[in-house]
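I opened my notebook to look around a new model, one question at a time. Come along and check each entry against the picture.

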Amino acid sequence: MIDILAQGLTPDEEWVRDWLSAPRLQTYLEASDNSLTRALWLYEWNVNLGQTLMKDIAFFEVALRNAYDREIDSRWNGGGHWLFDDDSPVNIPIPRRNSSGRMFDANALNRSSIRSAAPAYRGSSQPGKTIANLSFGFWAHLTDKAHERILWIPYLHHAWPVGTNRAELNMKIRLINECRNRIAHHEPLFHETGGTRAPAAIDRLVVELFCQLLPQADVFDLEAPTAVELFLQSNPRP
């Protein structure tokens, strides 16, 4: 597509609509003064921005899941691996009441995620494959309020600097996960130009949290511009 645009050619709107769908294309047209060429430039720019941010999120996601596995595994005294043991804090029922007053099990989603990630490995010696298959959402869920007493206090707070506020951390990780999901589903990022959901703000969170998890790692420089900041500097929005 970039070759067509670079040559100054006007693409056929019919195949563009078949490719992106009419509603998705309309989103970009509305942001481009109804110019099909500008809309496609914006679409490509959005994809490139997402790829830049997704790389940093991927680094953080791997660091997060391995840190949580280390902290739980080193302190868990159950009969089986903490992912598979029925008495594990990610598997035991946690009754909670929702905003409408109805009871629910805060670990039901975790158990379902583990079953889906490891149907062939449950009870085996291959928890690493299950960990690799679990979604970012699973790990983000472990620092919510429902898991404060059974996961955060005895296990997960050890992965973070002393004094880390669980609620604030959980909010930051959820913001990163939400952005990751938008990128994975090819949603537009250009609407978020400021505030905590802006791509630059998300990437800054990623860098800061990664460095808190692995301060010794030579992956990110806290004092340097992030990859998204550099992208935006050299690639202004069309």
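**Entry 1: contacts along the chain.** I count two residues as in contact when they have heavy atoms within 4.5 Å. With that in hand, I looked up how far apart in sequence the partners sit. Among contacts between residues at least 6 apart in sequence, 61% join residues at least 24 apart. A reminder to myself: this is a predicted model.

**Entry 2: the overall layout.** I looked up the helices and strands next, and the protein chain has 11 helices and two strands. Reading along the sequence, I wrote down the pattern α-α-α-α-β-β-α-α-α-α-α-α-α. For the dimensions, I noted that the C-alpha atoms fill a box of roughly 65 × 40 × 40 Å, taken along the principal axes. I also checked burial: of the 238 residues in the protein chain, 41% are buried.

Entry 3: At what angle do helix H3 and helix H4 pack? I found about 105° between H3 (residues 22–30) and H4 (residues 36–75), with their axes 8 Å apart. Angles of 65 to 115 degrees count as roughly perpendicular, so H3 is roughly perpendicular to H4.

Then I looked up who touches whom. From H3 come Arg-24, Leu-25, Tyr-28 and Leu-29. On the H4 side they meet Leu-36, Ala-39, Leu-42, Tyr-43 and Asn-46. I sorted the residues of this contact into seven nonpolar, one polar and one charged.

**Entry 4: aromatic rings.** I looked for aromatic pairs and the structure holds 10 of them. I picked Trp-82 and Trp-139 to begin with. Their ring centres are 6.2 Å apart and their planes stand at 65°, so I wrote the pair down as edge-to-face. This pair links distant parts of the chain, 57 residues apart. Trp-82 is in the loop between H4 and strand E1 (95–97), while Trp-139 is in helix H7 (residues 136–141). Are these two buried or exposed? Trp-82 has a relative accessible area of 0%, so I marked it buried. Trp-139 is also at 0% and buried.

My next pick was Phe-210 with Phe-220, an edge-to-face pair with 5.1 Å centre to centre and 85° between the planes. Phe-210 lies in helix H10 (residues 199–213) and Phe-220 in the loop between H10 and helix H11 (227–234), so the pair ties together parts that are 10 residues apart in sequence. Phe-210 counts as buried at 5% relative accessibility. Phe-220 counts as buried too, at 16%.

I also noted an aromatic cluster made of Trp-15, Trp-19, Tyr-28, Tyr-43 and Phe-190.

**Entry 5: cysteines.** A disulfide is a covalent bond between the sulfur atoms of two cysteines. How many disulfides does this model have? I counted zero. For a disulfide, I would need the two sulfur atoms within 2.5 Å. Looking from the other end, Cys-211 is in no disulfide, and its nearest cysteine sulfur is that of Cys-179.

I finished by checking the burial of both cysteines. Cys-179 counts as buried at 1% relative accessibility. Cys-211 is at 13%, and I marked it buried as well, because the cut-off is under 20%.

Methods. Residues numbered from 1 in each chain as written. Predicted model: local features only at pLDDT ≥ 70, side-chain atom pairs only at ≥ 80, totals over all residues. Heavy atoms only, no water. Buried < 20%, exposed > 50% of the residue type's maximum accessible area, 1.4 Å probe, protein only. Axes fitted to C-alpha atoms, helices over the stretch in contact; angles between N-to-C directions. Helix = DSSP H or I, 4+ residues; strand = E, 2+ residues; numbered from the N terminus. Parallel < 35°, antiparallel > 145°, perpendicular 65-115°, else oblique. Nonpolar A, V, L, I, M, F, W, Y, C, P; charged D, E, K, R; others polar. Phe/Tyr/Trp six-rings, centres within 6.5 Å; stacked < 30°, edge-to-face > 60°.
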